[in-house]
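Have the structure open while you read.

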Amino acid sequence: MHQLLTGLMPSSAFARFFAVLSIAIVFVWFGGLNLGGVTDSITGRWVSGHPLLKDVSSANIGYSVLALGGVQVLIGLLIALHAVPGSTKQYAYMGVLIISASALSLMFTNPVWINSLGGFPAIGAGQGIIKYLSIAGLAMWLMGMRHANSVMLLGIILVLAWIGGMKFTAPEADGVYPLLTSSPVFNWWATVYFDKQMASNVIGIIELITVVLLTGWWWNKTACIAGLLLSAATFTITLSFLVSFSGSWSTDFGGFPYLASAG
């Protein structure tokens, strides 16, 4: 079984290519959104809640977002372009780490919890932030830093455990149900066999099972590989919502490639 699963894993060269492509797309895309003014109001809310940035005037937020967007696009291009020297790429990866750390700091400086569920650990707006732990781990891996694998794995476990647990709450079920009913992968069973909450519960159970398997990194490598494959399937299906769910795109800016909050 272990040999079979190991054979399904990508080579280190392909893994690196995929990692570089993924992180470059994310930073160029997010940077483009910032440069296009799509995120001004959202960024303004995050900035106003940060103790180090709350004195930034509303007039200057737009310029700050443009600057951030420019840095993100530059980082993405430096990572993606083959002709860029390796030493320069290291600075780009360091930029990813700095931006990731800054994003994670928002967990402690902004209201990211669901008050109706008692606050922490009922996570709301912070669901998009905790993913930066894995992004930081990915940058560490591309830099060849020690413990990068552990940081990436802990980031995946954090996301799946936290969001998986949230699937058993009504607000999360309300949020995920439109995604399920618009998807050809889920619509047939989410509406026929389960009600809204039960459909969310099933997904939560799968995500928590995946978490248990991922902890096999410390006790059973075969279990960990199975967990990684389940994670890949989960994330691939989640990305498919960008195609099936119209709410992924900002209608105010004409849709694709302008992401809305759901995207």
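Here is a short tour of two helix pairs and one single helix. Keep in mind that this is a predicted model.

Two packed helices are described by the angle between their axes and the distance between the axes. Here is how that looks for the two pairs:

| Pair | Residues | Angle | Axis distance |
|---|---|---|---|
| H6 and H7 | 132-142 and 148-166 | about 160° | 8 Å |
| H8 and H10 | 170-181 and 196-214 | roughly 90° | within 9 Å |

Start with H6 and H7. An angle over 145 degrees counts as roughly antiparallel, so that is how H6 and H7 lie to each other. The crossing of H6 past H7 is left-handed. On the H6 side, the contact involves Leu133, Ser134, Gly137, Leu138, Met140 and Trp141, while H7 brings in residues including Ala148, Val151, Met152 and Leu158. Sorted by class, this contact holds 10 nonpolar and 4 polar residues, with no charged ones.

Now for H8 and H10, which are roughly perpendicular to each other. Among the H8 residues that meet H10 are Glu172, Asp174 and Tyr177, and the H10 partners include Lys196 and Ile203. In this contact you'll find 7 nonpolar, 2 polar and 3 charged residues.

Finally, which residues of H3 are buried? In this helix, spanning residues 40-48, they are Thr43, Gly44 and Val47. They sit on the same side of H3 because their arc around the axis is only 105°.

Technical notes
Residues are numbered from 1 along each chain as its sequence is written. This is a predicted model: local features need pLDDT of at least 70, side-chain atom pairs count only at pLDDT 80 or more; totals for chains, interfaces and linings use all residues. Side-chain values use heavy atoms; hydrogens and water are left out. Axes are lines fitted to C-alpha atoms, for helices over the stretch in contact, and angles run from 0 to 180 degrees between N-to-C directions. Helices (H or I, at least four residues) and strands (E, at least two) are DSSP runs, numbered from the N terminus. Angles under 35 degrees count as roughly parallel, over 145 as roughly antiparallel, 65 to 115 as roughly perpendicular and the rest as oblique. A crossing is left-handed if the near helix is turned anticlockwise from the far one by less than a right angle, and right-handed if clockwise. Contact means heavy atoms within 4.5 Å. Ala, Val, Leu, Ile, Met, Phe, Trp, Tyr, Cys and Pro count as nonpolar, Asp, Glu, Lys and Arg as charged, and the others, Gly among them, as polar. Buried means under 20% relative accessible area, exposed over 50%, partly exposed in between (1.4 Å probe, protein chains only). The arc is that of the directions from the helix axis to the C-beta atoms.
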